[in-house]
Amino acid sequence: MAIEMELENKVYVAVSSDIHDGFLTLQWALKRWSSNSITIVILYASNNICKDYVITPMGKLPAGSVNDEKLKDLEKFEEAKDQKILWRYKVFCGNVKVEAIKIERYDESIQNFMVDLISGLRITKLVMSLTFMKPSSWKSGSAISGSFFVHRQKPEFCELYVICGGKLVFLREGNNEGLIEDDQGIMVAKSRTMRQSFRDLVVKMFPEHSQKMKNQCDSSSSSASNDSFDQWEKYKEEIENYMGQLLPSNVEEVDDFVADETLQKNITELVMAENMTMQEKKEALRIKFLEIKEAIQLSREELNAHVEGQAKAQWAITLCTRRAEEIDGRINDEIARKADLKRDLDATKDELSELHTEVEVTKSKLSSILELQHELSNKMQISSLARSRAEVHLEKILKQRTDTLQEIEEFRKQRTILRRRIEFCREKDAIGNATMLIEPSFKYKEFSAAEIRAATDGFSDRMRLKSGGDWTDVYKAKLHHTSVAIKLYSAADVDSEDTFNAKVKLLSHMRHPHILSMIGYCSELRCIVFEYMHNGCLRDILFSGKRGSKRRNKGLKWQARICIVANVCTGLCFLHRAKPRPVAHGNLNPSKILLDSNNVAKIHGIRTPFSFDKSDIRSDIRAYGNLVLQILTGRNWAGLIEEAIMMDQTKLIEVLDPMAGEWPLDIALELGRIGIKCLSIHEDKELNMTNLARELDKVKKLADEIVANGESGEAKNGRHLNEIDSAEFPNFFLCPIFQEVMKNPHVAADGFSYELEAIEEWLKTGRDTSPMTNLKLKDNLLTPNHSLRALIQDSQKKRSISTR
């Protein structure tokens, strides 16, 4: 089935070497089946070289006059010409699949060959150019009769399309003749199987004489008529002799339809002369006879021209033969010279062989020298490379040292800038937090008991806060995604609901960045919601049950302590300058000072009802002086400072808290004087917090200048590794809880690294939230951070080397 489909899709196109006619025929076929997927099979009739003669630039020459080599060259030339024509036909077909079959012209009849080819290949569609049937070396009739033969003999399954000049023509047969018509029925050409004899032509021209010959014995005619008939017979025989010379009795059909029409026209002119008189007909025959003689003479002249061409060809052959003999003589001379040259060549080869041997020996010696040179060059390169590496390494070390010094200087500058920014941000955050806490949408909200219980997990001890190792009535909680501290008041604190409401009302009027802000309250449970201070109270940082504990060692640097002293002074100024009357705190001590995540200090625990007595105001100033001295010494006894100041200023360094770092002596002395001055308020009745605030502002500016210059105390030109401030290390080296360089960092469930002892103490207190994010930890697993530990140790080694 597939084979039948393939045969149906093949269209065979028969074309000759006439390129123009071939293109027209292919164009018709491609247009006819443009909508179908077809394969064009080109049947190409090549012009083989005739066995009797060959065509040269000097005309036709007998095949025997050309040698076999020249004949092969001519065959190759014709083959190349055919291949070029076929290639042009294939290119003309474009994207359509094309196959080609080359038909060799030999002695077999072209029409018989085509009929056999149609049957053998089962050709269902054949498009044939009329010029394809033109006779060349084929033994056949004209192209017209050949086309009719193929049309009659082809199998029924084959559809034949005859193309003339790029148009489809139709073959018609009738009345002993074949007609070729176009698609409009107009005759293009015709062909008859046999030409009419001259005798038949005469009978048509003179029918009356034919009838007279038939009835010659039955009727008598006049003598004039008999003489006329004898004269016609004489002319007829003479004309037939000339026609016999011009046209043989067995005349083949005309090669193409043009010659056929020319002769037919002449015959038609003779037949149409039936109405002429006898004399006119004789005259017409005589004229025609003369025309025929002229045609014969013209043919003879052409024959003479062909004879002259053959003579020229013979002359060319003779000339070529002589030239070939000369060339043969020269070839013999060259052969003789070749032998002499061969002897010279052999001698030269021997000399070259000797030279080659010498060259090989020289190459061997040169190779040894090159190997030695290469070995020396490698050693030199290794030496140069080692020297270059040493120089690069030295240069790298020097550059690293320079870069390290520059980085140290840059870090110092950045540290100064960051400290200033931290101070600014602390104040800004304090103001922002205070502003946020008094927003109308969150101002003193009254929470329900259910909200409070849900936030404190039913007042669970896990949420309860400690102070100095003792439990308090303060719980850490989250309300509206904000960390808060909820203080639960007992009956001893507030004996009635009116007392609680009065306390809430009094606290609601306290709005200052350095006074703990109230967020809301719950009347049912008698608790007040305050903002949560992440770093706890100042007492837990300054004093601890164990001097070596991590809570104690967390410490506060002297810069932060100065800020705390200034913050507390600002908060007391606000209370003492309240309108309409000053308000006294009444119980100022380190436990009443809370620190947020930025170590911004806020005062809480103001005694209610408010006290407006001047004695209480002075008590606040004395308590403030005691607080300043406690911040300086880190101890709950101020007598040491007073004695140190009275005896020797240098002794002051011995009583200062070492956890604060290296205090600048001038600042420590000034703070000590302020603290003692506050304790001696009974001697200076004009002393107030406003004046103290101005003095502390000067101290703070001086501290900022010292920080900016990178100097503190007596160590202005460098410090020992053990005395280096932890702020000089990267932030991720510091424990978020102790704010010290970690020695044994461990990663908690929140992803942050902590000192192992610090995070364990954090978890042992019952906390399950992250110290950094305040979110609940998934688990209590701790993983050693070996990479961070190695970085810290490496950094400490480098700093130790740089200080030597």
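**A walk through the chain**

P580 sits in the loop between α15 (558-576) and β17 (593-595). This is a predicted model. In it, a cis peptide bond joins K579 and P580. The omega angle there is about 5°. Most peptide bonds are trans.

Two other loops are worth a stop. Start with H480. This residue lies in the loop between β13 (470-479) and β14 (482-488). H480 is not a glycine, yet its phi is positive, at about 55°. Most residues other than glycine have a negative phi. Is H480 buried, exposed or partly exposed? H480 is partly exposed, because its relative accessible area is 44%.

Next comes R526. Look for R526 in the loop between β15 (518-522) and β16 (527-531). R526 is not a glycine either, and its phi is positive, near 55°. R526 has 24% relative accessibility, so it counts as partly exposed.

Now turn to a helix. Helix α10 covers residues 278-437, and D350 is found in it. D350 also belongs to a negative surface patch.

Finally, step back to the whole chain. Its secondary structure comes to 22 helices and 21 strands. The chain has 804 residues, and buried residues make up 37% of them. Its accessible surface is about 49,200 Å². Carbon and sulfur atoms account for 52% of that surface. Contacts tell of links along the sequence. Take the contacts between residues at least 6 apart in sequence: 67% of them join residues at least 24 apart.

Conventions. Residues are numbered from 1 along each chain as its sequence is written. This is a predicted model: local features need pLDDT of at least 70, side-chain atom pairs count only at pLDDT 80 or more; totals for chains, interfaces and linings use all residues. Side-chain values use heavy atoms; hydrogens and water are left out. Patches are made of residues with over 30% relative accessible area and no salt bridge: like charges are joined within 9 Å, nonpolar side chains (Val, Leu, Ile, Met, Phe, Trp, Tyr) within 5 Å. Accessible areas come from the Shrake-Rupley method with a 1.4 Å probe; for residues, only the protein chains shown count as cover. A salt bridge is a side-chain nitrogen of Lys or Arg within 4 Å of a carboxyl oxygen of Asp or Glu. Lys and Arg count as positive and Asp and Glu as negative; His and the chain ends are not counted. The place of a charge is taken as NZ of Lys, CZ of Arg, CG of Asp or CD of Glu. Helices (H or I, at least four residues) and strands (E, at least two) are DSSP runs, numbered from the N terminus. Buried means under 20% relative accessible area, exposed over 50%, partly exposed in between (1.4 Å probe, protein chains only). Contact means heavy atoms within 4.5 Å.
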